[in-house]
Amino acid sequence: MRRKEFDILALLAEHPGWVYTKEQIYQSIWCEEVPVDVDNAVTCQMKQLRKKLGENPKGTPYIETVWGVGYKFSHGM
């Protein structure tokens, strides 16, 4: 797992159920780097992270997209 993927997973898993916007994720993970396309940067990392996490046996995704808001870590409830 790449460093940014791990950092995103740690951020989301730290508070299961909390919804983080792409901007919040970007500011937390890319903190001092030159700004780029925030949507694309976060979306690409999420795609790779989900691929590496694989399927959740409970049938719900580990990382859920909250449409129009951002992402959250599912705690399997």
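Predicted model: local features only at pLDDT ≥ 70, side-chain atom pairs only at ≥ 80, totals over all residues.

Biologist: Let's start with Gln45. Where is Gln45 found, and why does Gln45 count as buried or exposed?

Modeller: Gln45 is found in helix H3, residues 38-53. Helices here are DSSP runs of H or I with at least four residues, strands are runs of E with at least two, and both are numbered from the N terminus. As for the label, buried means under 20% relative accessible area, exposed means over 50%, and partly exposed is in between (1.4 Å probe, protein chains only). Gln45 has 16% relative accessibility, so Gln45 counts as buried.

Biologist: And which residues is Gln45 in contact with?

Modeller: Leaving aside neighbours within four places in sequence, Gln45 is in contact with Lys4, Glu5, Ile8 and Trp30. Contact means heavy atoms within 4.5 Å.

Biologist: What makes H1 and H3 roughly parallel or roughly perpendicular to each other?

Modeller: Helix H1 covers residues 3-14, and H1 and H3 pack at an angle of about 80°, with axes 10 Å apart. The axes are lines fitted to C-alpha atoms, for helices over the stretch in contact, and angles run from 0 to 180 degrees between N-to-C directions. Under 35 degrees is roughly parallel, over 145 roughly antiparallel, 65 to 115 roughly perpendicular, and the rest oblique. H1 and H3 are therefore roughly perpendicular to each other. On the H1 side, the contact is made by Lys4, Glu5, Ile8, Leu9 and Leu12, and on the H3 side by Gln45, Met46, Gln48, Leu49, Lys52 and Leu53.

Biologist: How do the residues of the contact of H1 with H3 divide?

Modeller: They divide into 6 nonpolar, 2 polar and 3 charged. Nonpolar covers Ala, Val, Leu, Ile, Met, Phe, Trp, Tyr, Cys and Pro, charged covers Asp, Glu, Lys and Arg, and the others, Gly among them, are polar.

Biologist: What about H2 and H3, at what angle do they pack?

Modeller: H2 and H3 pack at about 80°, with their axes 9 Å apart. That angle makes H2 roughly perpendicular to H3. Lys22, Glu23, Ile25 and Tyr26 in H2 meet Val38, Asp39, Ala41, Val42, Thr43 and Met46 in H3. By class, the contact of H2 with H3 has 6 nonpolar, 1 polar and 3 charged residues.

Biologist: What makes Tyr26 and Trp30 an aromatic pair?

Modeller: Rings of Phe, Tyr and Trp (its six-membered ring) pair if their centres lie within 6.5 Å, and planes under 30 degrees apart count as stacked, over 60 as edge-to-face and the rest as tilted. Tyr26 and Trp30 come out at 4.9 Å centre to centre with 10° between the planes, a stacked pair. A search of the whole structure finds 1 aromatic pair. Tyr26 and Trp30 are both buried.

Biologist: How do you know how many disulfides there are?

Modeller: A disulfide is a pair of cysteine sulfur atoms within 2.5 Å. By this rule the count is 0. For Cys31, the nearest cysteine sulfur is that of Cys44, 19 Å away, and Cys31 is in no disulfide. Cys31 counts as exposed because its relative accessibility is 58%. Cys44, at 39% relative accessibility, counts as partly exposed.

Biologist: Last one: why does Ile29 count as buried or exposed?

Modeller: Ile29 is at 13% relative accessibility, so Ile29 counts as buried. Ile29 is found in helix H2, and, leaving aside neighbours within four places in sequence, Ile29 is in contact with Lys4, Asp7, Ile8 and Leu11.

Conventions: Residues numbered from 1 in each chain as written. Heavy atoms only, no water.
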